[in-house]
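Me: I would like to go through this model with you and ask, for each description, what it rests on.
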Amino acid sequence: MATKPHEEIYIGLDVGSTKVCCIVGLQEEGEPTPSIIGVGVAPTSGMRKGVVVDVDETVSSITAAVDEAERISGVVIDRATISIDGAHVTSQNSKGVIAVGRADQEITVEDLNRVEEAAVAIQLPLNRQILQVFPRSYTVDGQGNIKDPVGMNGVRLEVESHIITGATPTIKKLDRSIFQVGIEIQGEVLVPLAAGRAVLTKRQKELGVAVVDIGGGTTGVAVYEEGDVLYSSVLPVGAGHITNDLAIGLRTDVDTAEKIKLKYVKAHYPKGSGNEKIKIEELGGDDGTTITRRELQEIAGARLDEIFKLVRAELKKVGKDALLPGGVVLTGGGAKMPGIEELAKDALRLPVTIGKPSGFSGIVDRINDPAFAAPVGLMLENMVYAPIPGSRTNAKLGETVDKLKERFKKFLP
Ligand SMILES: Nc1ncnc2c1ncn2[C@@H]1O[C@H](COP(=O)(O)OP(=O)(O)OP(=O)(O)O)[C@@H](O)[C@H]1O
Ligand SMILES: [Mg+2]
């Protein structure tokens with residue numbers, strides 16, 4: 001599809017443990033958000049707990065999703081912002097300090113580049129690399145909490161940055177899979193941060209909020225405060241582990257266990273309903289097998305409890321356990337389990353909502369789903385790489401983009 005001069009295409013590609021999802025957005029001048037013109041989804045094989053274990057199988061899965069998105073949108077997909085997933089990812093906060101360069105002591109973009117370079121000059125083992133850097137706040141001559149110091153005067157400039165790193169061999173495998181599909185990588189974004197991009201409001205990020213993306217093989221956590229990323233991590237357990245536990249507990253195969261999970265399992269059920277009898281047709285026989293709700297919950301509930309205990313421990317690491325005025329927003333396929341809001345509320349002692357991408361036009365029925373938060377967020381992140389040429393609405397964005405690109409050149413693939 002040929003775009004008009006004031007239109008631009010943005011593409012997000014999320015290679016998850018259970019599904020690959022490709023989203024194509026079309027931004028028209030004057031519109032607040034891109035319109036969704038293509039969605040491609042394919043089941044994943046070749047991935048485990050968010051990382052590539054078989055390149056060839058992953059390539060076929062990505063190809064299937066990309067082909068569908070191309071067919072629907074009419075756009076040739078040869079570039080995208082992609083997701084980074086898996087427990088190999090870690091994050092840390094780091095400080096950088098420099099002396100302001102100009103004789104008249106006015107702080108310039110050049111100083112920001114230098115101070116960020118100082119912040120990312122961290123000791124990394126040979127097999128790890130920096131994936132994303134978020135400057136959180138600046139300090140000028142001891143005066144802290146400054147968001148944009150350019151134009152201010154000072155002698156000493158400090159920055160506090162949030163740095164996300166990943167295992168190089170793991171990232172190389174993913175990059176190779178994407179490359180084999182013929183896609184140029186325009187940025188890599190951690191899954192929970194991509195989900196946050198699609199579902200959080202500015203106000204929530206200001207207040208302090210966490211995104212918990214419960215996927216098939218992983219659960220991503222991102223914590224925001226004062227508008228910035230405070231912490232991010234990926235846990236190696238997801239909703240797929242509930243399926244595996246059911247397969248073992250009910251002595252059935254994984255596909256049947258998945259069907260049973262989707263049809264009968266609830267995250268939260270009314271007290272006193274433990275003896276309720278549930279007939280599971282999928283378990284064979286003429287009329288299926290009858291088990292009690294308690295028996296079913298004992299299997300599924302244990303895994304859910306584990307997931308939320310781990311999430312709570314992550315929040316504790318940054319002193320936000322039960323202390324986030326903006327609450328928790330659940331995304332990912334696991335957020336679709338009935339009753340998960342109530343369970344999460346009790347387990348995390350915080351207000352909880354389910355996050356779905358909203359406010360878009362185009363193919364909205366498909367993306368009105370918590371499992372599409374990360375892929376839609378990646379499409380939005382792709383806007384940094386392709387501003388609308390010459391468009392008035394994006395002139396400012398374009399400027400910011402150039403500044404960003406300049407500042408983060410070294411991290412761009
Ligand atoms: N209605 C539902 N109830 C319970 N679980 C569901 C429901 N719908 C989807 N899921 C589960 O959500 C999981 C898939 O979520 P999602 O699509 O976010 O994962 P992914 O992005 O492929 O994986 P990951 O992010 O872990 O790499 C599966 O385990 C699936 O069973
Ligand atoms: Mg996912």
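Me: How many helices and strands are there in the protein chain?

Reply: In this predicted model, the protein chain holds 12 helices and 19 strands.

Me: What makes the protein chain as compact as a globular protein of that length?

Reply: The globule rule gives 22 Å for 413 residues, and the radius of gyration of the protein chain is 23 Å, which is close to that value, so the chain counts as being as compact as a globular protein of its length. Along its principal axes, the C-alpha trace spans about 85 × 50 × 40 Å.

Me: How do you know what confidence the predictor has in the protein chain, and where does pLDDT stay under 50?

Reply: On a scale that runs from 0 to 100, the protein chain averages a pLDDT of 91, and 91% of the residues score at least 70. The pLDDT stays under 50 over residues 388–401, a stretch that has 17 contacts beyond four places in sequence in the model. Residues 409–413 also have a pLDDT below 50, with five contacts beyond near neighbours in sequence.

Me: Why is D56 called exposed?

Reply: A residue is called exposed if 12 or fewer other C-beta atoms lie within 10 Å of its own, and D56 has 11 within that distance, so D56 is exposed. The residue is found in helix α1, which covers residues 55–73. D56 and S177 are 121 residues apart in sequence, while their C-alpha atoms are 7.4 Å apart in space.

Me: What share of the residues in the protein chain is buried?

Reply: Buried residues, those with 20 or more other C-beta atoms within 10 Å of their own, make up 44% of the 413 residues. As for the contacts in the protein chain with a separation of 6 or more, 69% are accounted for by residues 24 or more positions apart.

Me: Which residues come nearest to ligand 1, and what kinds of residue make up the shell around it?

Reply: There are 24 residues around ligand 1, of which G16, S17, G215, A239 and G333 come nearest. Two elements, α6 (239–249) and α7 (254–264), are those that give two or more residues to this shell. By kind, the shell divides into 14 polar, five charged and five nonpolar residues, with Gly counted among the polar ones.

Me: Which domains does the domain assignment give, and how far apart do their C-alpha centres lie?

Reply: The assignment gives domain 1 (90–168) and domain 2 (239–302), and the C-alpha centres of the two lie 51 Å apart.

Conventions:
Residues numbered from 1 in each chain as written. Chains lettered and ligands numbered in written order. Predicted model: local features only at pLDDT ≥ 70, side-chain atom pairs only at ≥ 80, totals over all residues. Contact = placed C-beta atoms within 7 Å. Helix = DSSP H or I, 4+ residues; strand = E, 2+ residues; numbered from the N terminus. Rg over C-alpha atoms; globule rule 2.2 N^0.38 Å. Near = placed C-beta within 6 Å. Domains from an automatic or database assignment.
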